Amino acid sequence: MQKLTLPEKFKHILSEHAIKENPNESCAILYGKGEIVSDIFLARNIEESPVNFTISNEELLKAYSLAEEKKLDVIGIFHSHPQSKAYPSNTDKKFMESNPVIWVIYSGIDESFRAFYLDSEIIEIPIDFN
């Protein structure tokens, strides 16, 4: 995996979603082909927590059904860290094992986006905003 392409319009929507959900973590599903995000599904954090997120089973089913309808793949998971840096927490690492896609994290502290995937260790990949 070389890089993730996240168009500016989706960057804006995701950052607005994170700001709106603050002080809780926000979350979303990223659709696309390969490493290019071509659509997003904004989800609700049913935990309503500033340090964890969970997407309901109903929303996950809806997100995956929409991916099929759009003939796109689920290529990533987005969530925010309202009060910390954009780096996977220990909880994130655990869930990255069972969700082997790109994880994009937004930091509410410095408004940065970073992308990661889990191989034998966490690997950061660059994001191309175009």
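I took a salt bridge to be a side-chain nitrogen of Lys or Arg within 4 Å of a carboxyl oxygen of Asp or Glu. By this rule I count seven salt bridges.

The model is predicted, so I kept to the cut-offs for it: local features need pLDDT of at least 70, side-chain atom pairs count only at pLDDT 80 or more, and totals for chains, interfaces and linings use all residues. Residues are numbered from 1 along each chain as its sequence is written, and side-chain values use heavy atoms, with hydrogens and water left out.

**Entry: salt bridges**

I looked up Arg-114 and Glu-124. Their closest N and O atoms are 2.7 Å apart. Arg-114 belongs to strand S6 and Glu-124 to strand S7 (residues 122-125), so the bridge joins parts 10 residues apart. Strands here are DSSP runs of E, at least two residues, numbered from the N terminus. I then checked accessibility, where buried means under 20% relative accessible area, exposed over 50%, and partly exposed in between (1.4 Å probe, protein chains only). Arg-114 is partly exposed at 26%. Glu-124 is partly exposed too, at 41%.

Next came Asp-73 and Lys-33, a salt bridge at 3.7 Å, N to O. This pair links distant parts of the chain: Asp-73 sits in strand S4 (residues 73-81) and Lys-33 in strand S2 (residues 27-33), 40 residues apart. I noted Asp-73 as partly exposed at 38%. Lys-33 is partly exposed at 44%.

I also looked at Lys-20 and Glu-21. Their closest N and O atoms are 3.6 Å apart, and they form a salt bridge. Lys-20 is exposed at 63%, whereas Glu-21 is partly exposed at 23%.

**Entry: aromatic rings**

I searched the whole structure and found five aromatic pairs. Rings of Phe, Tyr and Trp (its six-membered ring) pair if their centres lie within 6.5 Å; planes under 30 degrees apart count as stacked, over 60 as edge-to-face and the rest as tilted.

Phe-113 and Phe-129 make an edge-to-face pair, with 6.0 Å between centres and 70° between planes. Phe-113 lies in strand S6 (residues 113-118) and Phe-129 in the segment after strand S8 (127-128), so the pair ties together parts 16 residues apart in sequence. Phe-113 is buried at 10%. Phe-129 is partly exposed at 27%.

Which residues form one aromatic cluster? I listed Phe-78, Tyr-106, Phe-113 and Phe-129.

Last, I checked Lys-11. Its charged end sits over the ring of Phe-129, 4.3 Å from the ring centre. The rule is NZ of Lys or CZ of Arg within 6 Å of the ring centre and within 35 degrees of the ring normal.

Note on methods:
Helices (H or I, at least four residues) and strands (E, at least two) are DSSP runs, numbered from the N terminus.
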